[in-house]
Amino acid sequence: MGHLESLVEVDASRTSIRELPCSIGMLEGLVCMLLRDCKHLVCLPSSLGGLKCLKDLSLSGCLKLAKLPNELGHIASLKRLHVSVTSVRELPCSIGMLEGLVSMSLRDCKHLVCLPSSVRGLKSLTDLNLSGCSKLDKLPDELGLVACLEKLDVSGSGITEVPSFIGLLKNIKELSLGGCKGQSPKSWNMMFNPF
């Protein structure tokens, strides 16, 4: 597969694949890879870091996928990363190297427990969806350094209090906290004064 030099899109959604061939990393011209609802996919090869032109990676619904390779951070061109409804427990620290990432969805990742402090490196991120991440009870303070963030959805997550950095997000337009385990709305007023 790695010899298909002109290939720009791979859509293997809703197939029974368990893994990708290591040669996938040779597809330097690949722009879009869709692996939605591949319920048997258990891992991604480290060669994924060789996809120099990849802009869109969707792994949503890959229920058995528990880990993303550290080499993911080497895909400098990545704009959209959708890992919703997977078994991912944490993101690789290299995620912060994705300075061009605009949208990241981890919706309904029931096993996700934390975000790495390296998220501060996501300088272009405007949309972050963490809704339904019921084991995620805290956001790293470094998220306050993601100045471009416009939309943050943590509804239905395990968040117990409004993060102290929320006032630093000067470009925020949508903030969803519905269904969180947190404090009463009255105690949130002080946090929202900067807006």
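This is a predicted model: local features need pLDDT of at least 70, side-chain atom pairs count only at pLDDT 80 or more; totals for chains, interfaces and linings use all residues.
# Notebook: one chain, eight strands, one helix

I started with burial: 48% of the chain's 195 residues count as buried (under 20% relative accessible area; exposed is over 50%, partly exposed lies in between, with a 1.4 Å probe and protein chains only as cover). Residues are numbered from 1 along each chain as its sequence is written, and side-chain values use heavy atoms, with hydrogens and water left out.

**Overall layout**

I listed the secondary structure and got one helix and eight strands (DSSP runs numbered from the N terminus: H or I of at least four residues for helices, E of at least two for strands). Along the sequence the pattern reads β-β-β-β-β-β-β-β-α. The radius of gyration comes out at 17 Å, close to the 16 Å from the globule rule for 195 residues, so the chain is as compact as a globular protein of that length. That radius is taken over C-alpha atoms, and the rule is 2.2 Å times the number of residues to the power 0.38. I also looked up the C-alpha trace, which spans about 60 × 30 × 20 Å along its principal axes.

Of the contacts with a separation of 6 or more, 41% are between residues 24 or more positions apart; contact here means heavy atoms within 4.5 Å.

**The sheet**

I traced the sheet next. The eight strands form an open sheet in the order E1-E2-E3-E4-E5-E6-E7-E8, with parallel pairing (two strands pair if DSSP finds at least two bridges between them). Its edge strands are E1 (9–11) and E8 (174–176), each pairing on one side only. The twist averages 5° from one strand to the next, using axes fitted to C-alpha atoms and angles from 0 to 180 degrees between N-to-C directions. Zooming in on E1, I see three bridges to strand E2 (residues 32–34), running parallel. One pair I noted: Glu 9 has Cys 32 in E2 as its bridge partner.

**Loops with positive phi**

I checked for positive phi outside glycine. Arg 14 has a phi of about 60°; it sits in the loop between E1 and E2 and is exposed, at 60% relative accessible area. Asp 108 also has a positive phi, near 60°. Its loop runs between strand E5 (103–105) and strand E6 (127–129), and at 26% relative accessibility Asp 108 counts as partly exposed.

**Thr 86**

Thr 86 is in the loop between strand E4 (80–82) and E5, buried at 4%. A polar atom of its side chain lies 2.9 Å from the backbone oxygen of Val 83. Setting aside residues up to four places away in sequence, I find Thr 86 touching Leu 59, Gly 61, Cys 62, Leu 63, Leu 65, Asp 108, Cys 109 and Lys 110.

**Leu 115**

Leu 115 is buried, with a relative accessible area of 8%. Beyond four places in sequence, its contacts are Leu 91, Leu 106, Leu 130, Leu 136, Leu 139 and Pro 140. I checked the Leu 139 pair: 24 residues apart in sequence, 6.8 Å apart in space, C-alpha to C-alpha.

Definitions and conventions:
A polar contact is a pair of N or O atoms within 3.5 Å; within protein, one must be able to donate a hydrogen and the other to accept it, and residues adjacent in sequence count only if both atoms are side-chain atoms.
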